Amino acid sequence: MTYFEFLNTYGPQLLDGAVTTALQTLLAAALAIGIAVVMGLMRLSHNRFVYGAATVYIEVFRGTSLLVQIYWIFFVLPLFGLTLEKFTAGYIAVGMNLGAYGAELVRGGILSVPRGQWEAATALSMSPAIRMRRIIFPQALLKMLPPWGNLLIELLKGTALVALISVTDLMFVARKINGTTYLSAQAFGSALIIYYVMSRSVITPFMRWLERVMTRKLGRA
Amino acid sequence: MFDWRWAFVADILPRLLKATGNTVLAALLGYGIAAILGLVFALAQRTAIASVNRTVREVVEFIRSTPLVLQIFFVFYVGPQFGITLSPWAAGMIAIGLHYASYLSEVYRAGIEGVPKGQWEAALSLSLSPVRTYSRIIIPQAIPTAFAGMGNYFVGIFKDTPMLSVIGVAELMHTANAIGSEHYRFLEPYTLVGGIFLAISLPTAALLRRLEARIRRKMGLRPR
Amino acid sequence: MKEPVQKEYPRQLEGEKVPMVRFRDVTKRYGDLVVLDSLDLDVDEGEMVTIIGPSGSGKTTVLRMLMALEKINSGIIYVDGQPMTHMPKNGALTWADEKYLRRQRTNIGMCFQHFNLFPHMTALENCIEAPIQVLVLNKKAAVERAEGLLDMVGMLEKAGEHPSRLSGGQQQRVAIARALAMRPKVLLFDEVTSALDPEVIGEVTQVIRKLVNKHNLTMLMVTHQMGFAREISDRVCFFYDGKIEEQGPPEEIFGAPQSERTQQFLGAVLEAT
C-alpha cells in the first residue's frame with residue numbers, strides 16, 4: 001500500500017479525528033483562559049482566603065499529571081454523583097490543567113506592568129477595578145501573548161490524552177488505524193504531521209496576528 | 001456515594017509505592033538523555049554551518065509541536081514495522097528523552113543568549129580565548145538563567161511519565177490502572193496516584209527554587 | 001562581507017616617529033549607513049585624545065573598531081606600528097584572523113559605558129582572570145598586580161566584593177583596574193561616565209586624571225563631559241557624520257572653533273549644561 005493509497009483510505013477518518021481535536025482544543029482553550037484570568041487575579045489578592053484558594057488550585061493542577069487528572073475526572077467524579085460524558089470530561093480536564101499554568105502567566109504579566117502605571121492611575125483617582133481593566137490589564141495582555149502562544153500549543157498537545165478515555169480525536173483515530181492495519185509509521189506519522197500543522201500553521205500565525213493587532217491598538221507599533 | 005476505604009488503601013499502597021520507584025527511575029533516565037541530547041541540539045544550532053543549523057532547528061520545532069504520547073506510540077510501534085523491536089522501557093526513554101531534549105536545547109540557548117553582549121565584548125577586549133570565554137565567562141552566567149528552566153522540565157518530565165503506561169511501562173499510572181480493573185475501584189488508586197505526584201513534585205519544585213537562589217547568591221548575582 | 005584590500009599598505013610602520021595608533025582610510029558601514037567615512041587619525045605615544053560629537057557621529061565606533069570588536073569594511077588600523085586589522089601572510093597583508101586579533105588586542109585596554117564587569121567574579125577575580133589566562137602570569141604575581149591597581153583606583157577594600165554590591169562609580173573604577181592589569185599600550189574610555197549618577201562621576205574622572213598625570217599611557221576617550229575633555233586632553237577631535245570635522249588643542253576647539261558645525265554643537269551642549 002503506497003502512502004497515497006493509505007491517505008485515500010484513511011484520510012477522511014484522520015480528518016474527522018482532527019476536527020474533534022480542534023473542537024477539544026477550542027473548548028479547552030476557552031475554559032483555560034477563563035480560569036487563568038480568575039485564578040491569576042485571585043493570586044494577586046490581599047485576602048488570604050482568596051489567595052490561598054487560588055494557590056491550592058494552581059499547585060494541585062500543576063503538581064499532578066494531566067493524565068491523572070483526566071482519569072480522575074472521568075472515572076472518580078461519577079462516584080461523587082457528577083458524571084460527565086467523555087467528550088466533556090476531556091476538554092474540562094485539559095482546560096482546568098492548562099488554566100492553572102495560564103494563571104501564573106496572568107499573574108506574571110500583571111506584575112510586569114511598571115509601578116509608575118499603577119501610581120499614575122491611582123493619582124487620577126481611578127478605582128482599583130477601572131485601573132485594572134483600563135490601564136493595567138491591556139498592558140499586561142501584550143506582554144502575556146507570546147507565552148500564551150506556547151501554552152496554547154501545549155494545550156493542543158494535551159488534548160491528545162483524551163484519546164485514552166476514548167474520545168475519538170486524532171490520536172484515537174491514529175491508534176485505531178494502527179490497531180487494524182499495523183501501518184504504524186503511516187498512521188502515527190500522519191497524525192504527527194497534522195498536529196504539527198495545527199500548531200505551526202494555525203496557532204502560531206494566529207497568535208502572531210493577535211500580537212500585531214494588540215500592539216497597534218496599544219499604540220506601540 | 002462517597003465511599004473511601006482505608007483498608008483498601010493500606011492494601012494497595014505498597015504496590016503503588018513500588019511502582020513510584022519505576023516512575024522516578026523513568027524520570028531520571030529520561031532527563032539524563034534529554035540533558036545531554038539537548039546540549040547537542042543547542043550547540044548544533046550555534047554552529048556556522050547553515051544547513052545543520054536549519055535542520056536541527058526544524059527537528060526541534062517538530063518535536064516540540066507534537067504530542068509526547070503520540071511520539072511514544074510512534075517510537076514503540078514503528079520499530080517492529082521495520083524489524084526493530086524495542087522494549088517498552090527503551091521506546092519510552094527514547095521518546096521522552098527526545099521530547100525533552102528539544103525543550104532543554106531551547107533553555108540552554110536562551111541561557112547563553114541571555115548573557116549581555118557587553119560580557120562577550122569585555123572578554124574580547126581582555127583577549128580571552130573562545131574556550132575560556134565560554135567556560136569562565138559565558139556558561140557560569142548562563143547557568144543561573146537556564147537553571148530555572150532545567151528545573152521546571154525536570155518536574156515536567158516526572159509528571160509526563162504516566163504517558164509511558166500506554167505502552168505498558170509498569171510505572172505508577174499503569175499500576176493504578178491494573179489495580180482499578182482488578183478490583184473495580186478507581187477512587188483510591190487514582191486519588192493516591194495524584195497524591196503521590198503532589199508529594200514528590202511540590203517539594204522538588206521548592207527545593208529547585210532554593211537551589212537556584214543559592215546558585216545566584218554564590219555567583220554574586222542579584223536574586224530574580 | 002569583507003571587501004578586498006584595495007590599496008597597498010605598508011606591512012609595518014617604521015621610521016623616526018611611529019604613531020601609537022594610526023587609522024588609514026577606515027570605513028565602516030552598517031548596511032547602507034556609513035558610520036565611519038574613510039577616516040584618517042594618528043595618535044602619538046602618551047597622547048590623550050578626546051573624541052566629541054553628536055550621537056550617531058561615529059565616536060564610539062572609532063573605539064570599537066580599534067579594539068576590533070567589529071570588523072571594518074575597508075582601510076587599515078595600526079597599533080604601535082603593527083597592523084591590527086590585517087596580518088602579514090605570504091609577504092602580503094590579509095584580513096586578520098581571530099587568533100592574530102587576540103594577540104594584538106593585548107596591546108589595548110578598554111573601559112565600557114556599562115562597565116561590563118563579570119558579575120560572577122569578585123573585583124579582584126575580575127582583575128586577575130585575563131592576566132593569568134592570557135598573559136600566563138602566575139597567580140601570586142597577578143594578585144599583586146591587581147591589588148596594586150585596585151589600590152590606585154581606591155578600591156582595594158572592596159577587592160572581595162561582587163560587582164552587584166558595588167555602586168556604578170566603584171564598578172567603573174574596578175573596570176579601569178581590570179583593563180590596566182593587562183598593561184596595555186593604549187587605553188580606551190567609551191563614555192565611561194555616561195551611565196553614572198552625577199555625584200559619583202568625580203571619583204571616576206579623578207582616576208583618569210591620575211592616569212594622565214602619572215603615566216605615559218596613550219589614551220582615547222569618548223565623552224559628553226566637555227569641561228573634563230577641555231581640562232584633560234592633549235587634543236580634541238570633533239566628529240560629524242563619520243568624519244573628523246575639526247581637531248586641535250582643547251583651547252582652540254573650545255575657545256575658537258573654526259567650523260560652523262563645531263560652533264553649533266558646542267553652543268547647544270553648553271546651553272544644556
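## The interface of chains A and B in a predicted model

Across the interface of chain B and chain A there are 15 residue pairs in polar contact, with both residues of each pair at pLDDT 80 or more. On the side of chain B that touches chain A, at least two residues each come from α2 (50-65), α3 (68-81), α4 (88-113), α7 (172-183) and α8 (187-218) of chain B. Of these helices, α8(B) gives the largest share, nine residues. Sorted by residue class, this side of chain B holds 23 nonpolar residues, 10 polar residues and four charged residues. The structure described here is a predicted model, and the values that follow should be read as computed from that model.

In extent, the contact draws 37 residues from chain B and 40 residues from chain A, and the area buried between the two chains comes to about 3300 Å², with 71% of that area given by carbon and sulfur atoms. Two pairs of chains touch in this model, and the pair formed by chains A and B has the most contacts. Chain A and chain C, by contrast, do not touch, and their nearest C-alpha atoms lie 21 Å apart.

How many salt bridges cross the interface of chain B and chain A? The rule finds one there, in which the side chain of A:R200 meets that of B:E61 at 2.9 Å, N to O. Over all chains, a search of the whole structure finds 30 salt bridges. Another of the salt bridges lies within chain B, where the side chains of B:R185 and B:D3 meet at 3.4 Å, N to O. Because B:R185 is in the loop between α7 and α8 of chain B while B:D3 is in the segment before α1 (6-44) of chain B, this pair ties together parts that are 182 residues apart in sequence.

| A:R200 | B:E61 | 2.9 Å |

Turning to the surface of chain A, a nonpolar patch is formed by A:Y3, A:L7, A:I193 and A:V197, which together have about 330 Å² of accessible area. Two or more residues of this nonpolar patch are supplied by each of α1 (3-42) and α8 (184-217) of chain A, and A:Y3 is found in helix α1 of that chain.

Definitions and conventions
Residues numbered from 1 in each chain as written. Chains lettered and ligands numbered in written order. Predicted model: local features only at pLDDT ≥ 70, side-chain atom pairs only at ≥ 80, totals over all residues. Heavy atoms only, no water. Contact = heavy atoms within 4.5 Å. Buried area = accessible area lost by both parts, 1.4 Å probe. Salt bridge = Lys/Arg side-chain N within 4 Å of Asp/Glu carboxyl O. Polar contact = N/O pair within 3.5 Å; in protein donor to acceptor, adjacent residues only side chain to side chain. Helix = DSSP H or I, 4+ residues; strand = E, 2+ residues; numbered from the N terminus. Nonpolar A, V, L, I, M, F, W, Y, C, P; charged D, E, K, R; others polar. Patch = residues over 30% accessible without salt bridge, like charges linked within 9 Å, V, L, I, M, F, W, Y side chains within 5 Å. Areas by Shrake-Rupley, 256 points an atom, 1.4 Å probe, with all protein chains shown as cover.
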